[in-house]
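Please open the structure in your viewer, with the sequence panel beside it.

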Amino acid sequence: MRAWDEGTFNDHLGNKTEWGIMMGQSLSGKSLVGKIVTDMKGGKIIDMMAISEAIRPRLENEGEPFEGRIPDAEVEKDVLALIEADKTAGEKCFYLIDGQHHETIEAAATFFASNLGTPSCIITCTADIKEIEQRYKDKNEIAEDLGEEDAQALKDKAAAAAEDGQKLVACWSDIIARV
């Protein structure tokens, strides 16, 4: 016998929040892909890092700027408030989560699954390291070859993004297997 579940009940009523995840290294094309997807689906991008930085002034203590990492609970509260405000206004949007603020991908997956349910899509953006280096040079107006420090930093970010991608797949593997 199956137990009654409010989330499933609301899904069947059409109250499901449509959302997806987008991850990838900086300069891998996330902005372009995100714009295309949200334009096609009538959605909004939720930039997790931008939300966390917007919270920083609220956490000031007696005029002193807040130093350190923004607590996950604060970011979670703002993300849910943004979605709830749209629902209250009668807007039905597709939300594309860009990046991650949580300490781990597993913590982010737990938060989103328990609050929004199953994602409609999982997008990982990748680009060749040479392409990323060229985009970095163009963005920073660098005419010559990258210095060793910059090149290594980009390689480290690429390795971290690949590791995050593997963790993302592990967290959502049951959903990916159903698609």
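Helices and strands are here DSSP runs, numbered from the N terminus: a helix is a run of H or I of at least four residues, and a strand is a run of E of at least two. This is a predicted model, in which local features need pLDDT of at least 70 and side-chain atom pairs count only at pLDDT 80 or more, while totals for chains, interfaces and linings use all residues. Residues are numbered from 1 along each chain as its sequence is written, and side-chain values use heavy atoms, with hydrogens and water left out.

**The whole chain**

Read from the N terminus, its elements follow the order α-β-α-β-α-α-β-α-β-α-α-α. A residue is called buried under 20% relative accessible area, exposed over 50%, and partly exposed in between, using a 1.4 Å probe and protein chains only. By that criterion, 28% of the 179 residues of the protein count as buried. Contact means heavy atoms within 4.5 Å. Among contacts in the protein between residues at least 6 apart in sequence, 75% join residues at least 24 apart.

**The sheet**

Next, select the four strands. In what order do they lie in the sheet? The order is β2-β3-β1-β4, in an open sheet with parallel pairing. Two strands are said to pair if DSSP finds at least two bridges between them. At the edges are β2 (43-47) and β4 (121-125), each of which pairs on one side only. On average, neighbouring strands of this sheet are turned by 20° against each other, direction ignored. Such angles run from 0 to 180 degrees between N-to-C directions, and axes are lines fitted to C-alpha atoms, for helices over the stretch in contact.

Five bridges connect β2 with the parallel strand β3 (residues 94-98); here isoleucine 46 stands opposite isoleucine 97 in β3.

Move on to strand β1 (residues 18-24). Five of its seven residues are buried, so β1 is largely enclosed by the rest of the structure. Towards β3, the pairing of β1 is parallel and extends over five bridges, with tryptophan 19 opposite tyrosine 95. Towards β4, β1 again has five bridges in a parallel arrangement, and methionine 22 has isoleucine 123 as its bridge partner in β4. When displaying side chains, bear in mind that in a regular strand they alternate between the two faces of the sheet.

Within α4, select aspartate 72. Is this residue buried or exposed? With a relative accessibility of 18%, aspartate 72 counts as buried. Leaving aside residues up to four places away in sequence, aspartate 72 touches His101, His102 and Glu103.

Met48, Ile51, Ser52 and Ile55 of α3 meet Glu74, Val75, Asp78 and Val79 of α4.

**Helices α5 and α7**

Turn to helix α5 (residues 105-116) and helix α7 (residues 148-171), whose axes are 9 Å apart and which pack at an angle of about 40°. That angle makes α5 oblique to α7. To examine the contact, select Ile105, Glu106 and Ala109 in α5, together with Asp164, Lys167, Leu168 and Cys171 in α7.

**Two loop residues**

Finally, select two glutamates. Glutamate 62 is located in the loop between α3 and α4, and has a positive phi of about 50° although it is not a glycine. At 77% relative accessibility, glutamate 62 counts as exposed.

Where is glutamate 141 found? Glutamate 141 lies in the loop between α6 (129-139) and α7. Its phi is likewise positive, at about 50°, although glutamate 141 is not a glycine. With a relative accessible area of 74%, glutamate 141 is exposed.

How values were computed. Angles under 35 degrees count as roughly parallel, over 145 as roughly antiparallel, 65 to 115 as roughly perpendicular and the rest as oblique.
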